[in-house]
Amino acid sequence: MTTANEPYVLNIGPQHPSTHGVFRLRVVMDGEVIRDVDMIVGYLHRSMEKLAEERTYTQNIPFTDRADYLAAMSNNLGLCLAVERLAGVEVPERASYLRVIFAELQRIASHAMANGTMVSDAGAWQTPLLYMFREREKILDLFEMTCGARLTTNYMRIGGVSFDPPPEFWPALRELVDEMPARIDEYYSLVQDNEIFLARTQNVGVISAADAINGSLVGPALRGSGVPWDLRKAEPYCVYDRMDFEVPVGRRGDVFDRFMVRMEEVRQSTRILQQAIAQIPDGPHKTEIPLALRPAPGEVYGRVEGPRGELGFYLVSDGTPAPYRFHVRAPSLINLSLLKEMAVGASLPDAVVALGSLDIVVGDIDR
Amino acid sequence: MTADVRRPATPMEQQIREHRSLVQRALALGGGWKFILGVVGLGTLIALAAGGFLVVGGYLDGRWYDIRDLGIPTSHLVYWMQAQGLSPAVPYLTTALLGGLGILSLVGGWLVIGSWVERRVIAKFQIRQGPNRVGLFGLLQPVADAVKLMQKEILIPLGADRLLFFLPPILIFLPAMLGWAPVPWAPRMSYVDMNVGVVYVIAISSLGVLAVFLAGWSSNNHYALLGAMRTVAMMVSYEIPISLSLLSVVLLTGSLQLSQIVAWQQQYHVWLIVVLPLAAFTFLFASTAEINRTPNDIGEAESEIVAGFHTEYSGMKAGLFLAVELGNAILVGAMMSTFFLGGYTLFGLELWIPGYLILATKIGAVYFVFVWLRATLPRFRLDQLMGFAWKFLIPLAIIQLLVIAVESMVIAQSGLPGIVTVGGSIAVNLVLTFVGVRAWASGIGYVSEAAASTPLLTNTVGGLRAAERIRVVS
């Protein structure tokens, strides 16, 4: 009798607790060890880039909410900055500050979600996730107070922001900013000294700095590998050049470093928020622009540092109110491409944690 | 927060605001209804108290029943049957049925309460409410869940081995129930006080793995097979530390009989967890591996292999797996209490409080520890877990066994008072636990990772060269 060796193929997803949405991994396994990984995306494709070519620039802002649904503010900001550069629109100073405030709030909310789900992927039964949701809820309350929506905010406009925050926004924001450092210390104590968590994350899913740059990693994943690259410092937009903050950089490039970089970025965002609250001037929150904005023919690539990394919008105008080409450089998609480097040769639990540490959002991958 | 002041309440908040518990609803009733309810409630209480007084106080049949020892009424029943001239099989079968029903209904009731407790306690750990809709404080939630599970369709996957797929939910239930047989609930109150109780416990606890492997194999599902393989590997490894830790208990107390182990702890007025801290920890940790609970729930790791070996089960079959998981946790709580926490004794208090209530309290405490672990800890990886068993727990348990062998000889044969010999053993074992564990850990090359690296902070940006510069500076 002969026995045949078949590859043991495990199909993770599209519905699976740790794929963070509808995304599929086809894993070839040898016992517990992964031999090959296929990443299959496209289950959430909504053809945004094509749809955008039929709509005016302002009408396209709500699409960016739905692309990366955990960082709607940053996506709004990226598109608005690109269009403003394309059309040469001036933004009032107060609007720039408001944009910084909301982008940083969004970063905190998104990192809370990312780190919480990552610890859940490591097997903690959702406790860290719910603790981090506590702060995220307060931030979403602030969003709701200002623009009426919590997740798909559609807040930024070309030439400013849609609303000035109501009076009760500022005390609530200050309260949040004041309590954040204590909360961050609490997370540190919960997670950082946990021997099991350290054993599960340290020296797991290591990406060297050179590999990270060659693989076009961006955001906390790149900084976790030790490369100090942050667009807020390298290419300041809005009023980031007036803010005093530091870029956290990991030491080894493992899962734990990416986790800690996010944690530290929350602390730095709190610092930026404190300065922004202190500096924000009075004035209009928006400049008036024509309803059907017709930028001169040309092209532009605008990019911002979103919670997941460099988010780029490549726009081509042909002089009509709608973009001729609307392309999004999505951080999640490009970060995901390095999962194979981390997963092959590792065991299944390590691959799951590594995927969690990349912080993918499937809406951002597929658009 | 000020945020909520001007915002109209969301439907969920409205619902929470309008929610009234049963007590609040009763208090809101009209005066007449309240009076009737009060009379009925008070009357029931008075009738119950009077009935209990009549029966227990012996006004009914001239006998004084001691509720602290349920063995007395049972033995009265047996004597009565023998006096009637019935064949010996009748009292034997009757008491067996009574005891079995008692244990089954107790464990069954505990499963219902336990799932509510677990969900509520974990909810408190996670700063949320937990089930609070069905019944008072959501107490009826397990009943509602059971009804829902029974209504669900039971699916059999294509390509499954139908017979083998049908068996595991039943097979896995057997050891969870059989394990209760030798547990001593009070003096002279255990289902079977067999003289090889410890061997029986070890034998029964290794039966469960069969059902798990059948479930994983017959499902024709890759997740299920992975989960079953992990569970089998883990259970085979962790049988050994469990057996070794129980062996040190047996060596020290000189008996395989569970009631004798409790009696030893009663005699020396000390719990075995104090005398054998390493064995107690080994037993607790290895038990979490045996019964698939956090931090060792790798057999059904949700974030990796969905539900492990019972991925393909639906409806009440899945419910049985979940119930057995909870039942096993309670059973391990009973074993832990009996072996290491003094069983039904509580430093003399067992003369005044029924022993089974004391044991139940201890089981509840151990169960709470399990829930606490589940709410707090992440999961180990399979290789880390196996390494921990083979490199760490087993060698240390063997060393401890050798030390206990000497100590038990000293305790039994030196003729010195117990406070000297047992006290000396406690001191030796404490030193062994705290020094030996550290020495062994550094001996096998384990480095504590508690000194975690924090990110470097920089104000410069750049590419690879900047990265190297920062690393050199730090």
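This is a predicted model: local features need pLDDT of at least 70, side-chain atom pairs count only at pLDDT 80 or more; totals for chains, interfaces and linings use all residues.

**Chain B as a whole**

Let us begin with chain B, which contains 21 helices and 1 strand. Its C-alpha atoms fill a box of roughly 95 × 75 × 55 Å along the principal axes. Of the 474 residues in chain B, 36% are buried. If you look at the contacts in chain B with a separation of 6 or more, 73% of them are between residues 24 or more positions apart.

**A sheet in chain A**

Now turn to chain A, where an open sheet of 3 strands has the order β1-β2-β3 with antiparallel pairing. The edges of this sheet are β1 (8–12) and β3 of chain A, each of which pairs on one side only. From one strand to the next, the twist averages 20°.

Strand β2 (residues 24–30) of chain A pairs with strand β3 (residues 33–40) of chain A in the antiparallel sense, over 7 bridges. Within this pair, V27(A) stands opposite V37(A) in β3(A). The two strands form a hairpin with 2 residues between them, and there G31(A) takes a positive phi near 70°.

Another is H269(B). The table sets out their values.

| Residue | Phi | Other C-beta atoms within 10 Å |
|---|---|---|
| H269(B) | about 55° | 13 |

To find S47(A), go to the loop between β3 and α1 (48–52) of chain A. H269(B) sits in the loop between α13 (258–268) and α14 (272–275) of chain B. H269(B), with 13 other C-beta atoms within 10 Å, is partly exposed.

**A pair of helices in chain A**

Two packed helices are described by the angle between their axes and the distance between the axes. In chain A, the axes of helix α5 (residues 127–147) and helix α6 (residues 169–192) come within 11 Å and cross at roughly 165°. That angle is over 145°, so α5(A) is roughly antiparallel to α6(A). Their crossing is left-handed. Among the residues making the contact are L142(A) and M145(A) of α5(A), together with L173(A) and L176(A) of α6(A). By class, the residues of this contact divide into 9 nonpolar, 1 polar and 3 charged.

**Where the two chains touch**

How many residues of chain B are in contact with chain A? There are 47 of them, and they are in contact with 60 residues of chain A. The elements of chain B that each supply at least two residues to this side include α18 (355–376), α19 (382–413) and β1 (456–458). Helix α21(B) gives the most, with 5 residues. The side of chain B that touches chain A has 23 nonpolar, 14 polar and 10 charged residues.

Strands take part in joining the chains too: strand β6 (residues 247–249) of chain A is joined to β1(B) by 3 bridges, and the two run antiparallel. In this pairing, V247(A) stands opposite T458(B) in β1(B).

How values were computed
Residues are numbered from 1 along each chain as its sequence is written. Chains are lettered from A and ligands numbered from 1 in the order in which they are written. Helices (H or I, at least four residues) and strands (E, at least two) are DSSP runs, numbered from the N terminus. A residue is buried if 20 or more other C-beta atoms lie within 10 Å of its own, exposed if 12 or fewer, and partly exposed in between; C-beta atoms are placed from the backbone. Two residues are in contact if their C-beta atoms, placed from the backbone, lie within 7 Å. Two strands pair if DSSP finds at least two bridges between them. Axes are lines fitted to C-alpha atoms, for helices over the stretch in contact, and angles run from 0 to 180 degrees between N-to-C directions. Angles under 35 degrees count as roughly parallel, over 145 as roughly antiparallel, 65 to 115 as roughly perpendicular and the rest as oblique. A crossing is left-handed if the near helix is turned anticlockwise from the far one by less than a right angle, and right-handed if clockwise. Ala, Val, Leu, Ile, Met, Phe, Trp, Tyr, Cys and Pro count as nonpolar, Asp, Glu, Lys and Arg as charged, and the others, Gly among them, as polar.
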